[in-house]
Every structure is written in structure tokens, then in C-alpha cells.
Amino acid sequence: MSELNIAIVGHIDHGKSTLLGRLLFDTDNISKSKKEGLNIDVVDNINFAYLLDSFEQEQKQGKTINSMRVAVDINNRSCIFFDVPGHAEYIDRMITSISKVDYALIVIDVLQGIQEQTIHHLNILSLFEVRNITVVINKMDRINCSKEQFSEIEKQINKICKELRINIDNIIPISAQKGINVVKNQNLCKWYTGLSVIESLISMKIEKETSRSDFVFSVQDIYEISGVKYIAGKVLSGSMDKGSDEVLNIINKEKYKIINIKNNSGDCINEINRGDLALVQLNDEANVKRGDILMDGSDIVYSTKKISLDIVWTGDEKYDESKQYYVNVATQAASCQIVLQKELYINKNRKNKDKGNLFKGIVALDNKIAVSKYDELDELGTVTILNKGTIVAIGIVSK
Ligand SMILES: Nc1nc2c(ncn2[C@@H]2O[C@H](COP(=O)(O)OP(=O)(O)OP(=O)(O)O)[C@@H](O)[C@H]2O)c(=O)[nH]1
Ligand SMILES: [Mg+2]
């Protein structure tokens with residue numbers, strides 16, 4: 001089975017790092033050296049977040065600053081967990097992880113209920129098409145596992161997720177610190193007979209989409225080897241045989257035949273597949289340049305000067321409609337202006353900042369680039385927006 005990427009998201013201090021730490025501990029996925037650094041006399045008193053927040057500054061401040069990536073095998077399936085910072089200031093680091101994930105665990109502190117970053121993170125999950133989640137209502141030990149507060153949050157989260165078109169697999173009362181319902185259902189919440197967190201992950205129905213058959217090749221550079229020009233690039237989708245049908249350069253509309261293929265080590269090969277980096281020799285390479293997209297009869301990719309995007313602003317500076325920005329899509333680049341059309345999520349507590357806000361917008365480019373809808377081909381559906389070399393926003397191609 002393929003690897004699954006899972007994000008642990010939620011408001012600051014609601015217990016994300018503690019949950020992942022407890023999960024690693026209870027499934028015996030802690031290295032010997034880490035274990036030696038813990039005081040294991042009383043398991044329930046271990047500072048589990050220390051296992052994830054491994055930088056000195058994080059441990060001192062008791063908050064996650066960098067996203068942490070941890071691999072765990074669950075029921076013979078390799079799961080990569082991303083423990084992300086809950087603080088709004090680090091939203092860019094959270095997004096770097098979210099853009100890679102297939103599934104999310106959302107953590108809510110039962111005493112605080114749904115907070116700003118809970119809703120913010122759910123909106124970002126929805127933007128990046130993460131449509132399946134497990135909700136955990138944490139710190140149940142602090143209210144003696146009372147059902148009343150749990151049920152109130154359950155009602156609210158169901159409503160929010162319905163509006164965002166997010167499907168909740170399970171809503172689980174837990175204590176990450178005490179290990180209640182993390183790996184086993186210890187019956188401490190007597191009224192709860194559902195799955196534990198690990199059981200919910202085992203039962204999740206996410207199957208990664210089998211990759212599409214359309215061949216899409218992103219040109220990274222042109223090299224000359226022994227007097228022969230080769231196009232270096234990456235297969236973003238599908239596969240292609242040497243000498244098979246013509247490929248189209250979607251940018252300049254020329255057609256070519258692939259007459260030779262070499263792999264990364266320079267060996268001649270007959271076929272290239274999704275994810276491969278390769279050198280291809282074309283029957284005519286004169287007009288091919290970095291950023292071009294070569295493809296077969298695919299209709300998932302189109303070239304355009306106007307892209308409709310769902311945008312998450314990550315820059316410290318405010319968005320400026322009159323400004324010229326730059327966009328990168330795979331190896332393509334263009335300068336552009338952005339027209340915001342509709343607000344999707346605005347953090348009212350951070351009036352002077354756009355950082356973290358979500359918009360619908362149109363990007364008008366000064367030259368055509370090739371894009372695809374995000375859910376068809378994420379590499380050509382993700383638009384990085386820059387100002388003077390610094391990333392200020394990420395856009396998802398919505399149409
Ligand atoms: N009583 C109780 N405290 C908990 C529980 N889970 C976490 N905590 C405490 O809550 C505080 C925050 O926990 P973290 O795991 O660091 O929270 P976080 O969501 O990772 O925080 P950020 O990464 O800064 O957003 C710590 O003091 C934990 O010990 C729980 O189940 N019960
Ligand atoms: Mg944390």
C-alpha cells in the first residue's frame with residue numbers, strides 16, 4: 001500500500017505535539033536515545049511534546065515553531081505524520097506540510113472549544129482538497145470525561161465541516177497526556193464506545209488516486225552531451241516510451257518525437273514514468289526552453305495568461321493590487337498582477353495583516369504558462385506567488 005501523509009492540526013496549545021508524542025510512545029516508535037532522555041517512572045507525567053518539539057527554543061517556549069515530520073508504520077502501512085505549529089505567525093510552515101497531506105487529525109482542547117486557528121486550519125485543509133479527517137477532542141482528563149462539553153463541540157464541528165465539504169470519519173474524546181483513547185479505548189470515558197485514534201487511522205478509507213495516464217513532462221534545462229542536445233526535466237504524470245507518438249509543447253504548440261531517453265546516471269532507457277528525472281533527445285529541440293511543458297494528448301493541462309486561484313497569503317507585507325508580483329508553476333515563471341475577487345477566510349483578530357487570509361483571485365500574467373486544476377495534477381495546480389524573491393502567497397488552481 002502507498003505511503004500516507006497525515007497532518008496534525010489545530011489551535012495553539014490544544015495538544016497536537018502531545019498527541020503525536022503519545023502515539024509514538026504507545027506504539028513503541030521511540031528511539032532508544034530519546035527514551036533515555038525521558039523520565040519514564042510515571043508514564044502519564046512524561047512531557048510528550050518534547051519528543052516532537054526538539055529544538056531548544058521550542059522546548060523553552062513550549063510551542064512548536066517548525067513543522068516536524070515523523071514516519072510510523074500503522075498496520076503495515078507507512079504513515080508520515082506532520083506535527084505543525086498552531087501559532088498563526090508560523091502559518092507558512094503549516095502550509096508547506098498541508099500541501100503534501102492526504103488526511104488530517106484535528107485536535108480541539110475540550111476546555112477551550114473551537115478557536116480561531118481551529119477554523120483557520122480547517123479552511124486551509126479544504127483549500128488543499130484534504131477532504132477526510134478525524135477530530136479529537138483533547139484534555140478530557142481535565143473534565144473527568146464529561147459528555148456534555150464534548151457533545152457541544154461535536155455539534156459545532158459537524159456544522160463547520162459540512163459547510164467546508166470536509167468529511168469527518170470519527171470524533172473521539174481523548175486525553176493525549178493520559179493516553180485515553182489514543183491507542184486503546186481504556187474505558188475511562190465510559191459513555192464512549194467508538195474507535196481510538198489509532199483505530200480510526202487504521203480504518204480510514206483513503207486510497208491515493210492512482211496516477212493519471214496522461215504524459216506531462218516539465219522542462220528544467222537544455223544540456224549538450226557529445227554534441228547532442230538533451231532536454232532535462234521531470235515526468236509530472238503518466239509515462240512515455242522512446243520513439244512512441246509525438247509530444248506537444250503546450251507553450252509554443254510545436255510537436256516533436258522523442259528519439260532517445262537517458263536516466264539520471266546517463267544510461268539509455270526505453271521508458272520514463274511519473275516522478276522520473278530524465279534527459280530526452282528530441283528530433284528538433286531548437287525552440288524548447290526551460291519552463292516548457294511537453295505532453296501527449298492530455299486535456300488536463302492548458303496554457304493561459306489568466307488563472308483563477310484560491311489563494312492563501314503567507315507574506316508579512318499586505319497584499320497590494322497595484323503591485324507587480326511573480327509566479328512560479330513547476331519550472332515556469334512569469335510576472336503578474338493579482339485581482340482579489342472574494343474573501344474566503346479573514347482572521348478578524350489580525351486586522352493589519354493579510355498573513356494567513358484566504359481569497360479567491362485572478363492572476364493576470366504577462367506571458368502564457370501551462371497549468372492544471374489542483375485536483376487533476378497538483379504540480380501544475382500549485383502557483384507560488386513571490387515578491388522580490390520572497391514567497392508571499394500560495395495559490396491553488398481552482399478552474
Ligand atoms: N491535562 C492535559 N494536558 C494536556 C493534554 N494534552 C496536552 N496537554 C498540555 O497542553 C499543553 C500544550 O500541549 P502541546 O502538545 O505542546 O500543544 P500543541 O498543540 O502542540 O501547541 P503548539 O504546537 O504550540 O500549537 C502542554 O502543557 C501539554 O502538557 C491532555 O490530554 N491533558
Ligand atoms: Mg506543537
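1. Two residues count as in contact if their C-beta atoms, placed from the backbone, lie within 7 Å. By that criterion, residues 24 or more positions apart supply 70% of the chain's contacts with a separation of 6 or more.

2. This is a predicted model, in which local features need pLDDT of at least 70 and side-chain atom pairs count only at pLDDT 80 or more, while totals for chains, interfaces and linings use all residues. Residues are numbered from 1 along each chain as its sequence is written, and chains are lettered from A and ligands numbered from 1 in the order in which they are written.

3. The chain has eight helices and 22 strands, taken as DSSP runs (helices H or I, at least four residues; strands E, at least two) and numbered from the N terminus. Its C-alpha trace spans about 75 × 50 × 40 Å along the principal axes.

4. Of the 399 residues, 42% are buried, that is, have 20 or more other C-beta atoms (placed from the backbone) within 10 Å of their own.

5. Helix α4 (residues 91–98) is mostly covered, with six of its eight residues buried: Ile 91, Asp 92, Met 94, Ile 95, Ser 97 and Ile 98. The cover over these includes β1 (4–10), β3 (77–83), α5 (116–127), β17 (301–313) and β22 (390–397).

6. Strands β17 and β22 also belong to a closed barrel of six strands, in the order β17-β20-β19-β18-β21-β22, with antiparallel pairing; strands pair if DSSP finds at least two bridges between them. Between β17 and β20 (residues 358–372) the antiparallel pairing extends over 11 bridges. Val 312 stands opposite Leu 358 in β20.

Technical notes: A residue is buried if 20 or more other C-beta atoms lie within 10 Å of its own, exposed if 12 or fewer, and partly exposed in between; C-beta atoms are placed from the backbone.
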